[in-house]
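Subject: Structure for your files

Hello,

Here is the structure I said I would pass on. My notes on it follow below.

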Amino acid sequence: MRESEARNDRAFCAVEALLQRLHPREDAHALTQSLREQFVSADALFHAGAHMLERAGLKPADALLLSHLPELSRCMQRASFDRKPRLDRLDLAARYLAANFYGLQVERFYMLCLDARGRLKERVLLQEGTSDSALFSLKAMLAELVRVNPCAVILSHNHPGRTLRPSREDVDCTLEALRALTVVGVPLLDHVIIAGERAVSLRANGFIPAGEWLAQNPQHRLLRLWLEPSGEERSSGTD
């Protein structure tokens with residue numbers, strides 16, 4: 001069985017268990033099978049919206065609960081991090097970003113604003129789009145930059161379709177942001193795309209030449225060390 005099918009089965013089993021716990025005297029299995037026939041995938045079920053779930057046979061309170069499960073899952077995953085997590089390495093930021101994009105079926109474009117120590121100062125939503133696009137706004141980015149006043153930033157958006165390769169537009173908007181941020185003196189550490197459980201770094205994968213990144217400020221500590229492994233990984237790799 002493919003991993004996606006197994007994941008789908010586990011999700012519908014969890015829905016059935018939840019409905020059985022909420023209504024022990026009712027046939028949760030039959031209702032879950034009906035939901036599966038109507039929505040096919042768990043992703044479609046969880047993102048259908050409360051109104052559509054009611055029409056599919058769920059009680060209003062149950063429909064509301066299921067429609068909020070993806071956001072609840074993201075909140076729970078974010079809660080596993082400190083209030084101001086350290087995000088000064090690609091591997092650390094990738095784990096945090098994956099929690100923010102978990103289960104999303106539309107594209108969101110975020111800017112992570114870091115302080116001088118590489119800790120999160122603020123997570124800023126720049127744009128929300130559709131299932132296959134989220135337009136980047138340089139004006140919105142610069143306005144938020146003035147408001148938050150970070151020492152460095154990371155751009156990130158998700159690919160709900162799990163496409164790993166960045167689009168031409170992804171590369172172009174990164175170059176646009178990088179050059180604008182160079183002018184104002186705030187380094188852009190990376191643009192990280194989250195595709196399912198995978199993180200794709202435009203910087204690490206060479207979609208933009210290394211010189212473009214380092215030219216922003218060759219002496220900036222966060223910029224220089226971004227692609228270095230975390231402390232634990234450095235320790236485990238030495239004798």
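A salt bridge is counted here when a side-chain nitrogen of Lys or Arg lies within 4 Å of a carboxyl oxygen of Asp or Glu. By that criterion K59 and E26 form a salt bridge, with their closest N and O atoms 3.4 Å apart. The pair links distant parts of the chain, 33 residues apart: K59 is in the loop between helix 4 (50-55) and helix 5, and E26 is in the loop between helix 1 (3-22) and helix 2 (28-39). K59 counts as partly exposed because its relative accessibility is 36%. E26, at 40%, is partly exposed as well.

Please keep in mind that this is a predicted model.

Overall picture

The protein has 239 residues, and 41% of them are buried. Its secondary structure consists of 11 helices and 5 strands. Of the contacts with a separation of 6 or more, 63% are between residues 24 or more positions apart. The accessible surface comes to about 13,000 Å², and carbon and sulfur atoms hold 52% of that area.

Other salt bridges

A search of the whole structure gives 9 salt bridges. One of them joins R179 to E212, where the closest N and O atoms are 3.1 Å apart. R179 belongs to helix 8 (residues 168-184) and E212 to helix 9 (residues 210-214), so this pair ties together parts that are 33 residues apart in sequence. Relative accessibility is 45% for R179, which is therefore partly exposed. E212 is also partly exposed, at 26%.

Salt bridges with shared partners also join R86, D88 and R89 into one network. How accessible are the two partners, D88 and R86? D88 is buried, since its relative accessibility is 3% and the cut-off for buried is under 20%. R86 is partly exposed, at 33%.

Positive patch

Which residues make up the patch of positive charge on the surface? They are R83, K84, R117 and K121. R83 sits in the loop between helix 5 (60-79) and helix 6 (90-101). With a relative accessible area of 75%, R83 is exposed, because the cut-off for exposed is over 50%.

L120

Is L120 buried or exposed? L120 counts as buried, because its relative accessibility is 6%. L120 is located in strand 2 (residues 120-128). Setting aside neighbours within four places in sequence, L120 is in contact with K84, P85, L87, Y96, L112, C113 and L114. One of these contacts, K84, is also a member of the positive patch. The C-alpha atoms of L120 and D82 are 9.5 Å apart in space, while the two residues are 38 apart in sequence.

If you want to go through the model yourself, the K59 and E26 pair, the network of R86, D88 and R89, and the contacts of L120 are the places I would open alongside these notes.

Regards

Notes
Residues are numbered from 1 along each chain as its sequence is written. This is a predicted model: local features need pLDDT of at least 70, side-chain atom pairs count only at pLDDT 80 or more; totals for chains, interfaces and linings use all residues. Side-chain values use heavy atoms; hydrogens and water are left out. Patches are made of residues with over 30% relative accessible area and no salt bridge: like charges are joined within 9 Å, nonpolar side chains (Val, Leu, Ile, Met, Phe, Trp, Tyr) within 5 Å. Accessible areas come from the Shrake-Rupley method with a 1.4 Å probe; for residues, only the protein chains shown count as cover. Lys and Arg count as positive and Asp and Glu as negative; His and the chain ends are not counted. The place of a charge is taken as NZ of Lys, CZ of Arg, CG of Asp or CD of Glu. Helices (H or I, at least four residues) and strands (E, at least two) are DSSP runs, numbered from the N terminus. Buried means under 20% relative accessible area, exposed over 50%, partly exposed in between (1.4 Å probe, protein chains only). Contact means heavy atoms within 4.5 Å.
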